[in-house]
Amino acid sequence: MKESCCQFGEDRHLAGIMTEAVDGGKGTVILVNAGLIPKRGPFRLYAELARRLSRAGFSTLRFDLGGIGDSLRNSAGQPLKTRTELEIRAALDYVEGRYGPANLVLGGLCSGAEDSFRFAEIDSRVTGVVMIDSFGYPMPGWAWRNFLHRAVRRSRRALGLYHPYPHPKVSAPVGSQKGKPLVSYEYMSHAESSRILQKLVNRGTRVHFIYTGGASGVFNHESQLKAMFAGIDFRDLVTLDHFPHMDHTQVLAEHRRTLVESITGRLTA
Amino acid sequence: LGAALLWNTLDRLEVGRVVLWDPVCDGAEYIAALKENHRRYLRAVEYVDWHFPLPGRGRPGATVELLGSTYSDRMVRDLAALRIDPRGKSRAVQLKWLATAPAAPQVARFEALARAGASDGNRVEEILVDCSWLDVASLESIVPDLGIAAALAAMVTET
C-alpha cells in the first residue's frame with residue numbers, strides 16, 4: 001500500500017493524503033471532513049477506511065477543507081457552502097487529473113455526508129455517495145420505537161446496567177461567548193434532500209446511507225428510509241445499513257471495523 | 001503523552017531547551033485514568049451489544065482498547081513506567097512548561113524539577129482551559145485555541 005501527501009486547489013491551499021489502490025483501479029473515493037475533525041476522521045475512521053479500500057481496489061483521497069487540519073483557509077469572503085463546494089470540486093479535479101474520471105465516489109460522516117450529497121447534485125462526475133449519519137426525519141413509528149428504547153434504557157439505569165455519559169463540552173470556556181455552543185449544525189431540510197436524492201437516482205448515482213445509534217434522535221429503524229422518501233423509486237441504487245448499537249463517532253475498534261466492511265462491501269458489490 | 005515521551009528520552013538527545021504542554025507526569029496514573037474512563041464509556045453504551053470488547057478481556061498478549069486507541073500489552077507497560085522526574089541530562093536542560101486546567105499539580109511538579117535543575121530561564125505558564133484529555137466525549141471535540149498555540153510558540157522562540 002502506498003500513501004502520499006498532496007496539495008491541490010487554488011494556491012495549493014488544500015492538503016490531503018492519497019492512499020493508492022493496491023491492485024486495480026475500481027475507482028476513487030474522496031472523504032470529506034466530519035465536522036471540524038481532520039482528515040484522519042473520528043478515531044481514525046477515515047484512515048482505516050482508506051487502507052481497507054486500497055486492498056479492495058479503490059484509491060482514496062482524504063483531505064481537509066479550508067481552515068481545518070493542514071489546509072489553509074482561502075476564499076474567506078465566500079459563504080461556507082460556496083467554499084465547501086469549491087474545495088470539493090478542487091478535490092475531484094485533482095483525483096480526476098491523477099486517475100481519470102472513472103467511478104468517483106464521495107463520502108463522509110455527519111456534515112461530511114451532507115457536503116458530499118449536496119455536491120453530488122451539481123457534479124455529474126460523482127457516481128456514488130456514502131453517507132454516515134446524515135439527515136433523518138422522524139416518521140410514523142419512530143416515536144413509539146424511541147419510547148420503547150428510552151423505557152429499556154431507564155430500566156437498565158434502574159438496574160445499574162447503564163450510566164449516562166456527560167455530554168461533551170462543546171461550549172466556549174471563556175470570553176463573551178462563554179457557555180454558548182461553539183458549533184451549531186443544522187441538518188438538510190427534507191425538501192432539499194428529497195430533491196437531491198431524486199436527481200441522483202435519475203442520474204444513476206448510487207447512494208449508500210448508514211445510520212448509527214448516534215442518529216437515533218432522528219432515525220431508528222431500517223424501514224424509515226423508504227418512508228422518508230416514499231415518493232422516490234430507489235431502483236436498486238439506494239442502499240442502507242443500520243447499526244443501532246454504534247455511537248456517532250465509533251469509539252470502539254470493532255464498530256469502526258464493521259463500518260469499514262459495510263462501506264467496502266457496498267462499493268465492491 | 002508526547003511531552004512525557006520526550007522527557008524520558010532526553011538522555012539520548014542533544015537539546016538545550018524543552019517545551020512541555022500538559023505532560024503525563026505519572027504514566028501509571030495515566031493508564032489507570034484511561035482504563036477508568038474507558039469503563040465509564042462502556043457503562044454508557046445505550047444498546048446492549050454483547051460483542052463489544054471489555055478492557056482486559058481477551059487472550060494473553062492481546063491488545064487493549066482504551067478510549068478509541070488500541071495498545072499492545074507491552075505498550076501499556078511501557079507507558080505506565082513513564083515519569084517526569086529530574087534525571088540525567090534533564091537537569092541541565094532549560095524547561096518551559098505550559099499547563100492547562102487543572103494546573104496546580106503540574107505547577108508543583110514543574111517547581112520540583114526547576115529546583116533540582118541547573119539551568120536558568122525555566123518557567124511555567126498556566127492557561128485555565130480544560131482540554132479534557134481523558135474525556136471520551138470531548139476527545140474529538142475541537143477546543144478553541146485561546147492562546148495555547150501563541151504561548152507554545154513564544155516558549156520555543158524566546159531567548
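**Reading burial, packing and ring pairs**

Q: Does A:Tyr211 count as buried or exposed?

A: In this predicted model, A:Tyr211 counts as buried because its relative accessibility is 0%. The cut-off needed for this step is that buried means under 20% relative accessible area. A:Phe219 also has 0% relative accessibility and therefore counts as buried.

Q: What do A:Tyr211 and A:Phe219 form?

A: A ring pair is read from the distance between centres and the angle between planes. Over all chains, the structure holds twelve aromatic pairs. A:Tyr211 and A:Phe219 form one that is stacked, with 3.8 Å centre to centre and 10 degrees between the planes.

Q: Which residues do ring pairs link into a cluster?

A: The cluster consists of A:Phe117, A:Phe135, A:Tyr137, A:Phe209, A:Tyr211, A:Phe219 and A:Phe229, linked through ring pairs.

Q: Which residues have the most contacts inside the largest nonpolar core?

A: In soluble globular proteins, nonpolar side chains tend to be buried together. Here the largest nonpolar core has 44 residues, and A:Leu197, A:Phe209, A:Leu225 and A:Phe229 have the most contacts inside it. Helix H2 (residues 80–99) of chain A supplies the largest share of this core, five residues. A separate, second core has 37 residues, among them B:Ala3, B:Val24, B:Leu34 and B:Tyr71.

Q: With which residues is A:Phe229 in contact, leaving aside its neighbours within four places in sequence?

A: Beyond those neighbours, A:Phe229 is in contact with A:Phe135, A:Tyr137, A:His190, A:Ser193, A:Ser194, A:Leu197, A:Phe209 and A:Phe234.

Q: Where does the charged end of A:Lys226 sit?

A: A charge over a ring is judged by the distance to the ring centre and the angle to the ring normal. The charged end of A:Lys226 sits over the ring of A:Phe234, at 4.0 Å from its centre. A:Arg145 lies over the face of A:Trp144, 5.9 Å from the ring centre.

Q: How many residues of helix H1 of chain A are buried?

A: Eight of the eleven residues in H1 (residues 45–55) are buried, and the helix is mostly covered. Among them are A:Leu45, A:Tyr46, A:Leu49 and A:Leu53. The buried residues pack against several elements of chain A, including strand S2 (14–19), strand S5 (104–109) and helix H7 (253–268). After H1(A) comes A:Gly57, with a positive phi near 100 degrees.

Q: Why does B:Ser119 count as buried?

A: B:Ser119 counts as buried because its relative accessibility is 18%, and the cut-off is under 20%. B:Ser119 is found in the loop between helix H4 (104–116) and strand S5 (123–130) of chain B. Leaving aside neighbours within four places in sequence, B:Ser119 is in contact with B:Arg91, B:Ala92, B:Val93 and B:Gln94.

Terms used
Residues numbered from 1 in each chain as written. Chains lettered and ligands numbered in written order. Predicted model: local features only at pLDDT ≥ 70, side-chain atom pairs only at ≥ 80, totals over all residues. Heavy atoms only, no water. Buried < 20%, exposed > 50% of the residue type's maximum accessible area, 1.4 Å probe, protein only. Helix = DSSP H or I, 4+ residues; strand = E, 2+ residues; numbered from the N terminus. Contact = heavy atoms within 4.5 Å. Core = buried A, V, L, I, M, F, W, Y, C linked by side-chain atoms within 4.5 Å. Phe/Tyr/Trp six-rings, centres within 6.5 Å; stacked < 30°, edge-to-face > 60°. Lys NZ or Arg CZ within 6 Å of the ring centre and 35° of its normal.
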